[in-house]
Amino acid sequence: MKKVLIIIGVILVVIIAAAAIIPIVFKDKIKAKLDEEIAKSVNAEVNFATEDFSLSVFRNFPNVTAILENFSVVGKDEFAGDTLIAAASFRVVLNLKSVLFDDKMTINRIEVANPNILVKVLENGKANYDIMIGEEDEPLEETDESTEFSLGIDSWEITNGKLVYDDRSLKFYTALENFNHKGAGDFSQDIFDLDTHTDVESLSLSYEDMAYLKDKKVVLDMVLNMNLPEMKFTFKDNTARINDFGFGFDGSFAMPTDDYVMDVAFASKENTFKSLLSLIPGFYKEGFEDVQTEGNLKFDGFVKGIYSEVKEQIPAFQLNLLVDDAMFKYPDLPTAVDNINIDMMVDNKDGNLDNTVIDVRNFTMNMGKNPVNGKIRIEGLDKYKIAADIQAKLDLAELSSMYPIEGTALRGIYNLDLKANGVYDSISNSIPKIQANMGLRNGYIKSSEFPSAIENFNFVSSVLNQSGKMADTEINVSDFNMLLDGEKMSGRLFVKNFNDYTWDVALKGNIDLEKLTKIYPLENMVLAGKLYADIETKGKMSDLDAERYDQMPTSGTMSVENFSYKSSDVPQGFNIATAKVAFDPAKVTINQFSGNSGRTDINLDGYVSNYINYIVKDNQTIRGKMNFKSKLVDLNELMGGETTEDTTASEPLEVIEIPKNVDFELVSAIGKVEYSNLTLNNVKGIIVIRDGVVAMDKLDFNTLGGQFGLTGNYNTQEITKPTFDFDMVIQNLSIKDAYQSFNTVQALAPIAQNVTGNFSTDFKIGGVLGKDMMPVLSTLTGGGLIKIAQAALVDSKIISGLTQVTKLSNTDQVALKDVVMQTELKEGRLFVKPFNINLGNYKTVVSGSNGIDGSLDYDLQMNVPAGALGSNINNALASVTGNKNSSSEIKLNLNLGGTYNSPKIGLAGANAGEGAIAKQAEEAVKERATEEIDKVKDDLEEKRKEAEEKARLEIEKQKQEAEEKAREELEKQKNKATDKAKDKLKDIFKKPATKIDTTKTK
């Protein structure tokens, strides 16, 4: 018996020692296995250290406790950097017996301490919690076999947690600060009670940018009967409390399919007005328990029916709120707010949102001597049928004494009288008939955060519409004036006839923006500067459209000094040191504008036209012409990156959409432009912004030691597919610098990285830009001339490959001199027409193409002296040519393929291998012999033709000489015959001379 006890004792010691040692010894292996499985199944970064993971059977013996401390799950891709969950401690207590021997594994307890949870859903519906990696295999076939494994959870607890749910697809946001939750339930059962307690120190909730709850304290005790086979959950004992407002639920909520079946009623558990008052912002704070209240409250409602996204169906619902003869009064203030009566119902009988009715049948309260009363009924959420009647007259000083706003002092008499009746329909532009008057006399607003106050704040305003047609609305604000820290502002506004806007507007005075924003703070924005304005304008839109500016008296000036603006969208800020503008009906003339945005300085003058149309009407184009001067334009900073004086941000650039309703011409002169990794100097030219396109006309600049000239455009008319199209003239640019600076050069001319020298080009290029504003290489088209005066290729694998294949000396020296390359860019390849280079001492003609994928396809024709290929080749060539000079040349044809970093060089038309050069040389000799024979034939043929021509010419000459002699003899005979004929004629007509007797006449 003693031996048995000893053996049992030893076994127990071994088991206990193993239980203590095994989790420690194998912890690294367990951690590695966990990492492996997580990597296979989770598309997220799961972070925890080995030393933060532990297993123990002693901490809660006989249970096993797994503890994971300081772990986090961080998103990837669109959610990179977003922490889905981080917790100080995650502890699971498992029943050891259930793990080892039972079909059902029982989790006794789960504890999570200090969790920070962020649930985010993007506008496209993608959620950061969807991190499980889906299976790529075929779907599993259905089987009748059921698993024997089940899971039971006894209890769980979350302490000091933070939860943010940000659903941008629904524009829904909620945040829970310092929340605690615990619950218990046996999930191994089909039907059981789930008992939970939740308290939240601060709950905020908003929907479509409207805050419904802000910093509310919430306590929720709830028992739900869980029917898992039917997915039906029934409310049992439960109480929900928001601040001091408590209510409860009855009924059930079921999810039998993808639809939700609701039959839930709710009602307040207390009937005191004070509980409702705790929900109003500013009331529920320290000292709330001392606020005196009276009055009764009734709050109830229901939700009943089916909610279905597929069928676009919602349940019917109703909410009722009744407050009867209530009041409240702060203990240290003399006046109470009394006669508070509210009778309100929100009702939807059939689940059709368009049939929703919001009916405030009665609302009254007296704030001292300041009565407010009214009623409003709204039927439908598509076409709103509205009936309202509201009157109020408030002494703001007395109101502040009853409902103090911490840090703010108010004075003045405010009055409101509003009556509206009719239908609001945005499609037909109909509105209710309205008669509303509102005014403030002797207004005063003072904030403790700013020493100055708004004083003498007065205005009288009215809105009148007697027809229910939007076009017939009249808005009138008269006698507006105020004083801010001694600076007066006054004005008026009258607008009517929305079919043909008719206006009369005036504004005069000074505004200190910094003082104004301290009174009315702007979230995430800093604004400062002084505005001086004296502007009056009257007119009709029809006169503006017809450019009848003489019918629109408009005049005035405005100036700005020391203006500054900074926000999360413009972190570098925008500043105006000084600006002066003048107004007339046709345009705004900018006489002076000097400012900066971050490192970019801005100096402008010019004009802006069509500005009134642009302001008051949709889809109007603003036009203008400006002279723009700057010493530095930092495009990296302006386009969203951050820069310093010496470095640019690593953040990728983003596409900038050019407005289609802007028509501007900028005559620019910029000393330096920083864009990506480039610095452009002496930028001059005309930039035209029109119809979503930025066009550049003869934009000249210097960069990388070269001179650039650009004419072309950047087009965002199709914003998802922006394009560019430029004609470039570049002079004397370093080839290697071009490779290092331009990704297009890297893709299309990788050889440039090993070429020393400069080039010039007249090149056209166009294509599509990606989201990072970089060219999509496969879309590039263009071409042009590339001129290289003198350059050399060094340290290239192509050179060593040529030497290895040709066995020629001096091929390691590649020279380019007076090279002109005709290129064409298409279908992802750069095609080059034949051009000449020197490979060592060998003249070579190069042609072919290379692609954006790095592939090469070039032909090289080398003129190689026969002696360089060996004495046999030289003698064979001499036997053909009769010239034993070893400098006689033959053509060696090579092909360059592969990629630039892994070129493949072979002999065109010959099988690669030993003796290939000799074979091609022999072929070249044969070709040379054929050429020589053809040359002899050509020479003989030429000589024959010359002899024939010579004989023909001789015969022709003799013929011409004979003909000439014949012509001369014939002419001689002809002349003799002519002379004889003349002599005979003389003999025939010849008579003897007659002597005249002169004496007879006397």
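Predicted model: local features only at pLDDT ≥ 70, side-chain atom pairs only at ≥ 80, totals over all residues.
Ser668 counts as buried, because its relative accessibility is 5% and buried means under 20%. The protein chain around it has 1002 residues, and buried ones make up 37% of them. From here, we can look at the chain as a whole and then visit a few spots one by one.

- Ser668 is found in strand S32, which covers residues 662-675.
- Which residues is Ser668 in contact with, leaving aside its neighbours within four places in sequence? They are Phe628, Val683, Lys684, Gly685 and Ile687.
- Gly374 has its place in strand S18, residues 370-379.
- With a relative accessible area of 14%, Gly374 is buried.
- Once neighbours within four places in sequence are left aside, the contacts of Gly374 are Asn362, Phe363, Asp389 and Ile390.
- Take one of these partners, Asp389: from C-alpha to C-alpha, Gly374 and Asp389 are 5.3 Å apart in space, while in sequence they are 15 residues apart.

**The whole chain**

- How many helices and strands does the protein chain have? There are 15 helices and 44 strands.
- Among contacts in the protein chain with a separation of 6 or more, 51% are between residues 24 or more positions apart.
- The protein chain exposes about 59100 Å², and carbon and sulfur atoms supply 54% of that area.

**Salt bridges**

- Side chains of opposite charge can pair when their charged atoms come close.
- The count of salt bridges in this model comes to 27.
- Lys419 and Asp389 meet through their side chains in a salt bridge, with 4.0 Å from N to O. This pair links distant parts of the chain, 30 residues apart: Lys419 sits in strand S20 (residues 408-424) and Asp389 in strand S19 (residues 384-395).
- Are Lys419 and Asp389 buried or partly exposed? Lys419 counts as partly exposed at 39% relative accessibility, and Asp389 counts as partly exposed at 25%.
- Glu379 forms a salt bridge with Arg377, and their closest N and O atoms are 2.7 Å apart.
- Glu379 is partly exposed at 27% relative accessibility, and Arg377 is partly exposed too, with a relative accessible area of 30%.
- Glu824 pairs with Lys826 in a salt bridge whose closest N and O atoms are 4.0 Å apart.
- For Glu824 the relative accessibility is 39%, so it counts as partly exposed; Lys826, at 33%, counts as partly exposed as well.

- Most residues other than glycine have a negative phi.
- Asn497 is not a glycine, yet it has a positive phi of about 55°.
- Where does Asn497 lie? It lies in the loop between strand S24 (487-496) and strand S25 (502-512).
- Asn497 is partly exposed, with a relative accessible area of 32%.
- Asn610 is another residue other than glycine with a positive phi, in this case near 60°.
- The loop that holds Asn610 runs between strand S30 (600-609) and helix H8 (611-616).
- Is Asn610 buried or exposed? Asn610 is buried, because its relative accessible area is 17% and the cut-off for buried is under 20%.

**Patches on the surface**

- Glu294, Asp324, Asp325 and Asp338 form a negative surface patch.
- One of these residues, Asp325, has its place in strand S15, residues 316-329.
- Which residues form a nonpolar patch on the surface? Leu170, Tyr207, Met210 and Tyr212 do, and together they have about 430 Å² of accessible area.

Notes
Residues numbered from 1 in each chain as written. Heavy atoms only, no water. Patch = residues over 30% accessible without salt bridge, like charges linked within 9 Å, V, L, I, M, F, W, Y side chains within 5 Å. Areas by Shrake-Rupley, 256 points an atom, 1.4 Å probe, with all protein chains shown as cover. Lys, Arg positive; Asp, Glu negative; His and termini not counted. Charge placed at Lys NZ, Arg CZ, Asp CG, Glu CD. Helix = DSSP H or I, 4+ residues; strand = E, 2+ residues; numbered from the N terminus. Buried < 20%, exposed > 50% of the residue type's maximum accessible area, 1.4 Å probe, protein only. Contact = heavy atoms within 4.5 Å.
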